[in-house]
Amino acid sequence: TIHNWTFACCENLQSIVMLPNITKISETSFDGCTKLTTIYGISETYPEIFANKKGYQFIDINEPFTDVVYGDWF
């Protein structure tokens, strides 16, 4: 759980990595984080749901390379 006001007013916070075991993020956890744009995490977990709900870009850290297809031998 990320509780109320945990990162509130962290004005220079631009991105954050969230582990897949996070199951609750309070609505006010990131209030005042005016530069926060990106949440990194694992797809189909609560951090992705939260990012989509709040309008943050979500980047799946399970597949960091966008120029190859998962399963390619290289």
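Let's start in the sheet: valine 17 stands opposite tyrosine 40 in E2. Keep in mind that this is a predicted model. On its other pairing, tyrosine 40 has isoleucine 59 as its bridge partner in E3.

The three strands make an open sheet with the order E1-E2-E3 and parallel pairing. Strand E1 (15-17) and strand E3 (57-60) are the edge strands, each pairing on one side only. From one strand to the next, the twist averages 20°.

How many bridges hold each pair? Three bridges join E1 to E2, and four join E2 to E3. Both pairs run parallel. As for how the chain gets from E2 to E3, the path goes through H1, and this β-α-β crossover is right-handed.

As a bit of background, strands of a sheet pair through backbone hydrogen bonds, either parallel or antiparallel.

**Going into the helix**

Between strand E2 (38-41) and helix H1 (46-54) there is a loop, and threonine 45 lies in it. Is threonine 45 buried or exposed? Its relative accessibility is 14%, so threonine 45 counts as buried. The side chain of threonine 45 also has a polar atom 2.6 Å from the backbone oxygen of isoleucine 42.

**The aromatic residues**

A search of the whole structure turns up three aromatic pairs. Take phenylalanine 7 and phenylalanine 30 to begin with: their ring centres are 5.1 Å apart and their planes sit at 5°, so this pair is stacked. Phenylalanine 7 is in the segment before E1 and phenylalanine 30 is in the loop between E1 and E2, so the pair ties together parts that are 23 residues apart in sequence.

Phenylalanine 30 also pairs with phenylalanine 50. Here the ring centres are 5.9 Å apart with the planes at 45°, so the pair is tilted. This one links distant parts of the chain too, with phenylalanine 30 in the loop between E1 and E2 and phenylalanine 50 in helix H1, 20 residues apart.

Which residues make up the aromatic cluster? Phe7, Phe30, Phe50 and Tyr56 form one cluster.

| Residue | Relative accessibility | Class |
|---|---|---|
| Phenylalanine 7 | 24% | phenylalanine 7: partly exposed |
| Phenylalanine 30 | 5% | phenylalanine 30: buried |
| Phenylalanine 50 | 2% | phenylalanine 50: buried |

The cut-off for buried is under 20% relative accessible area, so phenylalanine 7, at 24%, counts as partly exposed.

**The cysteines**

How many disulfides are there? The count comes to zero. For cysteine 10, the nearest cysteine sulfur is that of cysteine 33, 5.0 Å away, and cysteine 10 is in no disulfide. Cysteine 33 is in no disulfide either, its nearest cysteine sulfur being that of cysteine 10 at 5.0 Å. For context, a disulfide is a covalent bond between the sulfur atoms of two cysteines.

Cysteine 10 is partly exposed, with a relative accessible area of 31%, while cysteine 33, at 6% relative accessibility, counts as buried.

**The chain as a whole**

Taken along the principal axes, the C-alpha atoms fill a box of roughly 45 × 25 × 15 Å. The chain has 74 residues, and buried ones make up 31% of them. Among the buried residues are threonine 45, phenylalanine 30, phenylalanine 50 and cysteine 33.

Conventions. Residues numbered from 1 in each chain as written. Predicted model: local features only at pLDDT ≥ 70, side-chain atom pairs only at ≥ 80, totals over all residues. Heavy atoms only, no water. Helix = DSSP H or I, 4+ residues; strand = E, 2+ residues; numbered from the N terminus. Buried < 20%, exposed > 50% of the residue type's maximum accessible area, 1.4 Å probe, protein only. Polar contact = N/O pair within 3.5 Å; in protein donor to acceptor, adjacent residues only side chain to side chain. Pairing = 2+ DSSP bridges. Axes fitted to C-alpha atoms, helices over the stretch in contact; angles between N-to-C directions. Right-handed = clockwise from strand over helix to strand, strands pointing away. Disulfide = S-S within 2.5 Å. Phe/Tyr/Trp six-rings, centres within 6.5 Å; stacked < 30°, edge-to-face > 60°.
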